[in-house]
Amino acid sequence: MSVTFFGWDVVYDDGSLVSELGAEQEPQKGDAYTMYHGTNVQTARLIITNGFRQSPDGMLGPGVYVSRNQQKAQRYPLKAPPSDRVVLQLRVNTGRVKRIDKDNHPMQKSWNAAGYDTAWVPPNCGMHSVPSGLEEDCVFDPQRVVVTSIAKAPNPTILAELTQLVSQKRAGTGRGGDMKVAVAGGVCTLCRRKTTPDHTHTLHPCWGCGQNICTLMTKHTCSASA
């Protein structure tokens, strides 16, 4: 019996792979992290296609509200039924971070004016405005936030649709050829490895399934071989 397989699984022993923080760890200046954003189906389409826009206001002022805790993102939008909720997985370049860990913090809404790019509310910090106790971030500049995949969708049909939109956005023209991979904070959004201006990564469509991939990804299992 013959088995057809497209894909790979490798282990790198250098330091170019960006590590992830736990939700309780403070993000570091200049690093990029995986985060999540909860929204409804139609808004998810718009975000993937056109990028994020600032919320005009909120607990931490204007910005894009995200979390490293997927459970936090799954609660939003608060008034939307589960059948209309989507969780986007993101790559976020946090820039300079200000910790906001108490109610009526003197910089709760003025952190950006003071030179910070992101406000971070640590988990279980006791703020009455965060009754869930789950970690939260507000990123002032939407350009620091890139959608990388769909973490949760209400059904397989919507998951497939949104996943295709993400792939098309990354490729610029869908499956029409090699394109430069989106980079957030000097990190390739596909393989999560560090890049430099002289060494950017190139996106290719998989020969088997057509999914957009970076050849430096540690693993790719082609759906066409399933």
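## Terms for the pocket

The structure described here is a predicted model.

## The second largest pocket

By that classification, the lining of the second largest pocket consists of 12 nonpolar residues, 12 polar residues and four charged residues. The volume of the second largest pocket is about 650 Å³. Among the 28 residues that line it, those closest to its centre are His-37, Gly-38, Ser-55, Tyr-65 and Tyr-76. Two or more lining residues come from each of E2, helix H1 (41–50), E3 and helix H2 (70–73).

Which element gives the most to this lining? It is strand E2, which supplies five residues to the lining of the second largest pocket.

## The chain as a whole

The protein chain has three helices and 14 strands as its secondary structure. Of its 226 residues, 41% count as buried. When contacts with a separation of 6 or more are considered, 65% of them are accounted for by residues 24 or more positions apart in the chain.

## Strand E4 and its two partners

Strand E4 covers residues 85–93, and because seven of its nine residues are buried, the strand is largely enclosed by the rest of the structure.

Strand E4 pairs with strand E2 (residues 32–40), to which it is joined by nine bridges, and the two strands run antiparallel. Within this pairing, Asn-40 has Arg-85 of E4 as its bridge partner. Strand E4 is also joined to strand E8 (residues 145–152), in this case by six bridges, and here too the strands run antiparallel. Leu-90 has Val-147 of E8 as its bridge partner.

## An open sheet of four strands

Strands E3, E7, E6 and E5 form, in that order, an open sheet of four strands with mixed pairing. Its edge strands are E3 (64–66) and E5 (97–99), each of which pairs on one side only. From one strand to the next, the twist averages 20°.

The pairings can be followed across the sheet in its own order. Strand E3 is joined by three bridges to strand E7 (residues 136–139), and the two run antiparallel; in this pairing, the bridge partner of Val-64 is Val-139 in E7. Strands E6 and E7 are joined by four bridges and also run antiparallel, with Trp-120 standing opposite Asp-137 in E7. Strands E5 and E6, by contrast, pair in the parallel sense over three bridges, and Val-97 stands opposite Thr-118 in E6.

## The two faces of strand E6

In a regular strand the side chains alternate between the two faces of the sheet. Strand E6 (residues 118–121) can be read in this way, with Thr-118 and Trp-120 pointing one way and Ala-119 and Val-121 pointing the other way. Are these four residues of E6 buried or exposed? All of them are buried, whichever way they point.

## Backbone details in the loops

Most residues other than glycine have a negative phi, and most peptide bonds are trans. A cis peptide bond, with omega about -10°, joins Tyr-76 to Pro-77, and Pro-77 has its place in the loop between H2 and E4. Tyr-76 has already been named among the residues closest to the centre of the second largest pocket.

Asn-104, in the loop between E5 and E6, has a phi near 60°, which is a positive value in a residue other than glycine. Asn-124, in the loop between E6 and E7, has a positive phi of about 55° although it is not a glycine.

Gln-143 is found in the loop between E7 and E8 and, with a relative accessibility of 68%, counts as exposed. Although Gln-143 and Asn-93 are 50 residues apart along the chain, their C-alpha atoms are separated by 8.9 Å.

Key:
Residues are numbered from 1 along each chain as its sequence is written. This is a predicted model: local features need pLDDT of at least 70, side-chain atom pairs count only at pLDDT 80 or more; totals for chains, interfaces and linings use all residues. Side-chain values use heavy atoms; hydrogens and water are left out. Buried means under 20% relative accessible area, exposed over 50%, partly exposed in between (1.4 Å probe, protein chains only). Two strands pair if DSSP finds at least two bridges between them. Axes are lines fitted to C-alpha atoms, for helices over the stretch in contact, and angles run from 0 to 180 degrees between N-to-C directions. On a 1 Å grid over the protein atoms alone, a cavity is a set of points where a 1.4 Å probe fits but cannot get out, and a pocket is an open set with protein on both sides within 12 Å along at least five of seven lines; lining residues have an atom within 4 Å of a point. Grid points are joined across faces, edges and corners, and a volume is the space filled by probe spheres set on the points. Ala, Val, Leu, Ile, Met, Phe, Trp, Tyr, Cys and Pro count as nonpolar, Asp, Glu, Lys and Arg as charged, and the others, Gly among them, as polar. Contact means heavy atoms within 4.5 Å.
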